[in-house]
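Please open the structure in a viewer and keep the selection panel at hand.

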Amino acid sequence: MQVSRETFNQVMVPNYAPAEVVPVKGLGSRVWDQNGDEYIDFAGGIAVNVLGHCHPELVQVLNDQGSKLWHLSNVFTNEPAMRLASKLVAATFAEKVYFANSGAEANEAALKLARRYAIDHADHSGTFEKDEIISFKQGFHGRTFFTVTVGGQPAYSDGFGPKPGGVTHCEYNNLEMVEQYISDKTCAVMMEPMQGEGGIIVPDPDFVKGVRALCDKHNALLIFDEVQSGMGRTGQLYEYMNLGVEPDILTSAKSLGGGFPIGAMLTTNAIANSLKPGTHGSTYGGNPLACAVAEKAFDIINNEEIFSGVRQKEALFRTLLNEINSRHNVFSEIRGKGMLLGCALNEKYQGRARDFMLAATKNKLMCLVAGVNVVRFAPSLVIPDEDITEGLHRFEAGIESIVERE
Ligand SMILES: Cc1ncc(COP(=O)(O)O)c(C=O)c1O
């Protein structure tokens, strides 16, 4: 059966507006479309393909596990899930892991757990009131109704009827505002330790430390959503390690599976105890196929050689992007960390990030936007330096086509 981009419009729900090209094959940081045209991939499936496309060791483990055992449901546990959880526990603050299938589901679990933990530890002698959640404007936590409501972009949560209540959105990097709204009624503060979708916003380390202190003062749980920032992308396994602030709950997805769908929620023994049998679950969460691939991705990523490589590649990106900007003067700032970088457009090009992304695609470079003013790169952590150089060459050709038209 022959399908083309036109088929999408005929048979798919129109909640996405995909690019005109239809990719059919990928290898490392290169992708080919239906016409055989080759692209360099700085998008990484939106910060997912952490080791590029079809990494041989991931393909190997997928094939091995694929001919052994795919799925059982949580009526049984399985070896890959227990091994992956053991490795995540050994490498982080966490003592317990819950597996889901996506970032939104990991966050949904985190939010439900925070509410349940508050109920379990409440003094029920008076009126129980510890169910408020503080999160941040421009934050993004997924598309389930709870997570999209906690996310700070009303455009994504409006228009679906009554929203889950008790959520207050503060300004990111504004500690005074958090101080104003947090109270003993707050059960959790949820934040990305670097905002991704919201525009690649790096927090002030003192802000994050201040939020931790306020959570401690009011006995609220601190939830770090590391779905986008996690798994080596910022030059450490998780960004909280760079910041020196430990959360109570951490969520991970995207890069965790190296391209295979999986999500995880990490927490401590004391907090995990509130999810007793029957309180929460998922048919596919922690299935052996996903966990086997994620375990291999973890084994490859979790070492200093990969992390220092990420920092070196970031330096190369920054050097070349600054050179491009000195020739065309289109960015006000290059921000972000490691292999999660944002090129913020200057005054002259406000609102036009999508134009730059489309111009890049025309020149055979895949990249992303983060809001309307930032072009985002989230490539593989092991992208070869030659692909960075060639990709940015193509990016510059796209920029030239815009600048020349002005
Ligand atoms: C920080 C963050 N949290 C959660 C999500 C949702 O993840 P998923 O699309 O896997 O549900 C995303 C996706 O972009 C994200 O960037």
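**Where the two domains meet**

In this predicted model, 25 residues of domain 1 are in contact with 24 residues of domain 2. To display the two parts, select residues 5-54 together with 304-405 for domain 1, and residues 58-301 for domain 2, as given by the domain assignment of the protein. The centres of the two domains, taken over C-alpha atoms, are separated by 27 Å.

Next, highlight the side of domain 1 that touches domain 2. The elements that give two or more residues to this side are α2 (44-47), α13, β11 (331-337), β12 (340-345) and β15 (374-377). Helix α13 supplies the largest share, 4 residues. Colouring this side of domain 1 by class shows 14 nonpolar, 7 polar and 4 charged residues.

**A pair of helices**

The crossing in which α13 passes α15 is right-handed.

Now show the side chains along the contact. From α13, select Lys313, Leu316, Phe317, Leu320, Leu321, Ile324 and His328. These meet Asp385, Ile388, Thr389, Leu392, Glu396, Ile399 and Val403 of α15. Sorted by class, the contact of α13 with α15 contains 9 nonpolar, 2 polar and 3 charged residues.

**The seven-stranded sheet**

Turn now to the strands. An open sheet is formed by 7 strands with mixed pairing, in the order β4-β10-β9-β8-β7-β5-β6. Which strands stand at the edges? Select β4 (96-100) and β6 (167-170): each has a single partner strand, so one side of each is left without a neighbour in the sheet. From one strand to the next, the twist averages 20°.

Within the sheet, select β9 (residues 249-252) and β10 (residues 263-267), which run antiparallel and are joined by 4 bridges. Strands of a sheet pair through backbone hydrogen bonds, either parallel or antiparallel.

Definitions and conventions
Residues are numbered from 1 along each chain as its sequence is written. This is a predicted model: local features need pLDDT of at least 70, side-chain atom pairs count only at pLDDT 80 or more; totals for chains, interfaces and linings use all residues. Two strands pair if DSSP finds at least two bridges between them. Axes are lines fitted to C-alpha atoms, for helices over the stretch in contact, and angles run from 0 to 180 degrees between N-to-C directions. A crossing is left-handed if the near helix is turned anticlockwise from the far one by less than a right angle, and right-handed if clockwise. Two residues are in contact if their C-beta atoms, placed from the backbone, lie within 7 Å. Ala, Val, Leu, Ile, Met, Phe, Trp, Tyr, Cys and Pro count as nonpolar, Asp, Glu, Lys and Arg as charged, and the others, Gly among them, as polar. Domain bounds come from an automatic or database domain assignment.
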